[in-house]
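Hi there,

Here is the structure I promised to pass on to you. Have a look at it first, and then read my notes below.

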Amino acid sequence: MPQGFPYKDLTQLYKAVEGEAFQLPRPGKVETLKKPVHGEGFEMKNALVVQPMEGCDADENGAPTDWTIRRYRRFAAGGAALIWMEAVSVCPEGRANPHQLMITEVNIEAFRALVGEIKQAALQAGVRPPLVVAQLTQSGRWSRPSGAPEPMRAWRSEVLDRHQNLPEDYPIVSDEYLSSLPELYARSTRLCMEAGFDGVDIKACHLYLMSELLGAKGRPGPYGGCYENRVRLLLECVDAAREQIGQGILAARINLYDGEAASWGVGEGLKVDYEEPLRLVEALYEHGVRLLNLTMGTPYYNPHVNRPYATGGYETQECAVEGVARLLDGCRQAQARAPRAVCVATGLSYLRQFAPQVAAGLMEEGGARAVGFGREAFAYPDFARDILEKGEMTASKCCVTCGLCTRIMRAGGRPGCPVRDAEFYLPELRRVVK
């Protein structure tokens with residue numbers, strides 16, 4: 001399989017995967033993406049979703065700034081049915097960077113204004129305002145509330161501890177602290193609903209705290225060991241949020257597979273083992289989650305697993321198309337386990353202008369009810385409008401999955417696309433990456 005992105009047309013892309021153990025969905029009709037999606041208690045005007053991508057541009061107190069507003073106005077004008085907003089921390093110590101969003105009683109009006117800007121931008125662009133879901137998080141071992149790493153690890157992971165240079169005696173977050181989190185998620189949910197969000201996501205992906213606990217087989221006590229203990233806190237936080245959400249959408253973005261980074265969804269020889277993740281998918285639906293976003297891996301250790309790329313920080317043993325196929329298959333498995341939920345597929349940005357046909361094919365075979373774009377939205381915020389109005393995406397506007405947005409973030413800057421949005425983000429790249 002070739003590296004980079006050498007595909008000139010859809011036929012060439014599918015020719016490249018002939019005979020491989022993994023396969024992409026057969027190309028579908030782009031019109032499939034244009035149809036409304038009827039969830040339980042909500043409706044999406046089409047099947048297109050802007051995925052959560054952190055802008056790291058909140059103020060020191062967690063409130064959105066002009067940079068935040070600009071990004072979300074551009075997303076809203078693009079015509080997607082749902083904006084799955086980036087991570088919003090439920091507590092100061094759980095922020096992944098000093099400029100991560102964090103909703104509080106003090107700054108709630110700034111969030112209400114942001115939601116208003118999103119709805120207004122859509123109306124001004126002549127499109128129906130999108131649903132907006134806030135992603136609630138506690139960053140756990142990836143916490144950097146003051147800029148320097150301040151990990152709150154859930155258990156001793158040989159791989160991740162070595163990756164972070166953590167000594168064996170580095171503290172593990174206590175049961176007492178974990179038991180306090182449902183109340184924080186309930187509070188943040190209440191604030192988000194008061195601010196005008198359409199729903200909240202209890203985030204459990206990419207090995208942030210809730211996600212890391214899912215694989216905490218070596219942790220003693222009520223939050224580790226057996227499956228029931230490892231999913232306990234996530235379900236408690238979901239239940240706490242449900243009590244505050246009223247008629248809003250209860251959502252969750254979860255890992256189905258950690259890869260070599262940790263043990264959730266990982267079988268012998270690092271193969272995918274969906275047994276426990278699909279039990280969780282079913283449990284989340286039973287606890288009231290009606291919108292599920294399926295992903296894998298972690299951008300901090302194995303970004304090729306959750307964000308297949310053309311060029312990145314390291315060479316991988318697998319081609320990017322294999323990573324895309326794994327992500328789409330994971331969504332297919334989850335949708336089959338929770339057929340009444342709206343499952344959102346991820347990993348499509350690598351496919352560039354061919355993504356709409358592949359996404360439509362996945363939906364036509366029942367493997368997803370909606371499809372999301374993350375890095376693509378940074379580069380191409382009006383991708384949905386082009387799909388809806390032109391029936392295609394323009395190659396020269398697509399994300400090239402080069403990783404520069406992530407490089408800006410890792411250097412402490414405000415991530416965006418310095419390739420397609422150079423006026424704003426090329427100076428930011430030059431400012432922070434020497």
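Helix α6 covers residues 181-194, and its 14 residues reach 20 Å from the first C-alpha to the last. That is close to the 20 Å expected at 1.5 Å a residue, where the expected span is 1.5 Å times one less than the number of residues. Helices here are DSSP runs of H or I with at least four residues, strands are runs of E with at least two, and both are numbered from the N terminus.

Before going further, a word on the source. This is a predicted model, in which local features need pLDDT of at least 70 and side-chain atom pairs count only at pLDDT 80 or more, while totals for chains, interfaces and linings use all residues. Residues are numbered from 1 along each chain as its sequence is written, and side-chain values use heavy atoms, with hydrogens and water left out.

Back to α6. Because 10 of its 14 residues are buried, the helix is largely enclosed by the rest of the structure. Buried means under 20% relative accessible area, exposed means over 50%, and partly exposed is in between (1.4 Å probe, protein chains only). The buried residues of α6 are Leu181, Pro182, Leu184, Tyr185, Ala186, Ser188, Thr189, Leu191, Cys192 and Met193. What covers them includes the helices α3 (108-124), α5 (175-179), α7 (209-214) and α9 (232-245), along with the strands β6 (131-137) and β7 (199-202). Just after α6, Gly196 takes a positive phi of about 105°.

Cys192 counts as buried, at 1% relative accessibility.

Now the chain as a whole. Its secondary structure comes to 17 helices and 11 strands. The radius of gyration is 20 Å, close to the 22 Å that the globule rule gives for 434 residues, so the chain is as compact as a globular protein of that length. The radius is taken over C-alpha atoms, and the rule is 2.2 Å times the number of residues to the power 0.38. Along its principal axes the C-alpha trace spans about 55 × 50 × 50 Å. Of the 434 residues, 62% count as buried. Among contacts between residues at least 6 apart in sequence, 70% join residues at least 24 apart.

Two residues other than glycine have a phi worth checking on your screen. Most residues other than glycine have a negative phi. Asn165, however, has a positive phi near 60°. Asn165 is in the loop between α4 (158-163) and α5, and is exposed, with a relative accessible area of 67%. Arg352 has a positive phi too, near 55°. This arginine is found in the loop between β10 (342-345) and α13 (355-364), but Arg352 is buried, with a relative accessible area of 16%.

- Met102 lies in strand β5 (residues 101-102) and is buried at 8% relative accessible area. The C-alpha atoms of Met102 and Leu136, 34 residues apart along the chain, are separated by 8.8 Å.
- Thr295 is found in strand β9 (residues 291-295) and counts as buried at 1% relative accessibility. Thr295 and Leu328 are 33 residues apart in sequence and 9.0 Å apart in space, C-alpha to C-alpha.
- Gly224 has its place in the loop between α7 and α8 (227-230) and is buried, with a relative accessible area of 4%. From Gly224 to Asp175, 49 residues apart in sequence, the C-alpha distance is 9.9 Å.

Terms used. Contact = heavy atoms within 4.5 Å.
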